[in-house]
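Below is a briefing on one protein model, arranged by topic. Please look over the sequence and the structure before reading the points.

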Amino acid sequence: MPEVVKNVIGKKAPKLKGITGDGTELKLDSLKGQWVVVYFYPKDSTPGCTTEAKDFRDLYADFHQRNAEVIGVSRDSAKSHANFATKQELPFPLISDTDEAWCQAFDVIHEKVLYGKRHMGVVRSTFLIDPDGRLAQEWRNVKVSGHAQAVLDAIPAT
């Protein structure tokens, strides 16, 4: 189990791998040498998660201009991710974290309350990893509006 990276700016990102919506394996450390945005969201095809994904999609070319890759992560299946990515025309990979390894490593599963009922769920969070593979910034309890732009603004222009 990778070490948790919560609140440790400058710490090496965990060595994680996962299956994307298209069935390929993605290793987080294979992206070293560029900025990496890892954003966690609760569920495919829900209103807030769809808006967030579309915001990252619409700014994707700008992220690439800053030598940055975007990765979305949720506990949904690879098939669900494939459908979601196709429907929303997402140009970046979505990691299927059904075993919660990514969620646990980044400490994004916490108790939530929905309609008065308590449950464990993914807290919308984003992490920026620098080209050396270290955690540069984190955003927790993210509000979707304007968030993708704020993440882009945190990456130095090249």
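Predicted model: local features only at pLDDT ≥ 70, side-chain atom pairs only at ≥ 80, totals over all residues.

Residues are numbered from 1 along each chain as its sequence is written, and side-chain values use heavy atoms, with hydrogens and water left out. Helices (H or I, at least four residues) and strands (E, at least two) are DSSP runs, numbered from the N terminus.

**Sheet**

- Seven strands form an open sheet with mixed pairing, in the order β2-β1-β5-β4-β3-β8-β9; two strands count as paired if DSSP finds at least two bridges between them.
- The edges are β2 (25–27) and β9 (135–139), each with a single partner strand, so one side of each is left without a neighbour in the sheet.
- On average, neighbouring strands of this sheet are turned by 30° against each other, direction ignored.
- Axes here are lines fitted to C-alpha atoms, for helices over the stretch in contact, and angles run from 0 to 180 degrees between N-to-C directions.

**Strand β4**

- Seven of the seven residues of β4 are buried, so this strand is largely enclosed by the rest of the structure; buried means under 20% relative accessible area, exposed over 50%, and partly exposed in between (1.4 Å probe, protein chains only).
- In a regular strand the side chains alternate between the two faces of the sheet.
- In β4, Ala-68, Val-70, Gly-72 and Ser-74 point one way, while Glu-69, Ile-71 and Val-73 point the other way.
- The pairing of β3 with β4 is parallel and spans six bridges, and Ile-71 in β4 is the bridge partner of Val-38.
- The pairing of β4 with β5 is also parallel, over three bridges, with Val-73 opposite Ile-95 in β5.

**Helix α1**

- The twelve residues of α1 reach 16 Å from first C-alpha to last, close to the 16 Å expected at 1.5 Å a residue; the expected span is 1.5 Å times one less than the number of residues.
- Cys-49, Thr-50, Glu-52, Ala-53 and Phe-56 of α1 are buried.
- They cover an arc of only 165° around the axis, which puts them on the same side of α1; the arc is that of the directions from the helix axis to the C-beta atoms.
- Pro-47 and Asp-58, on the other side of α1, are exposed.
- The cover over the buried residues of α1 includes β3 (35–40), α2 (60–65), β4, α3, β8 (125–129) and α5 (147–153), where contact means heavy atoms within 4.5 Å.
- α1 lies across β3, β4 and β8 and runs at about 165° to β3.

**Helix α3**

- α3 packs on the sheet, touching β1 (17–20), β4 and β5, and its direction makes about 160° with that of β5.
- In α3 (residues 78–88), the buried residues are His-81, Phe-84, Ala-85 and Gln-88.
- They cover an arc of only 95° around the axis, which puts them on the same side of α3.
- Lys-79, Thr-86 and Lys-87 are exposed on the other side of α3.
- The elements covering the buried residues of α3 include α1 (47–58), β4 (68–74) and β5 (94–96).
- Ala-85 has a relative accessible area of 18% and touches Leu-90 and Leu-94, not counting residues up to four places away in sequence.
- Just after α3, Glu-89 takes a positive phi of about 55°.
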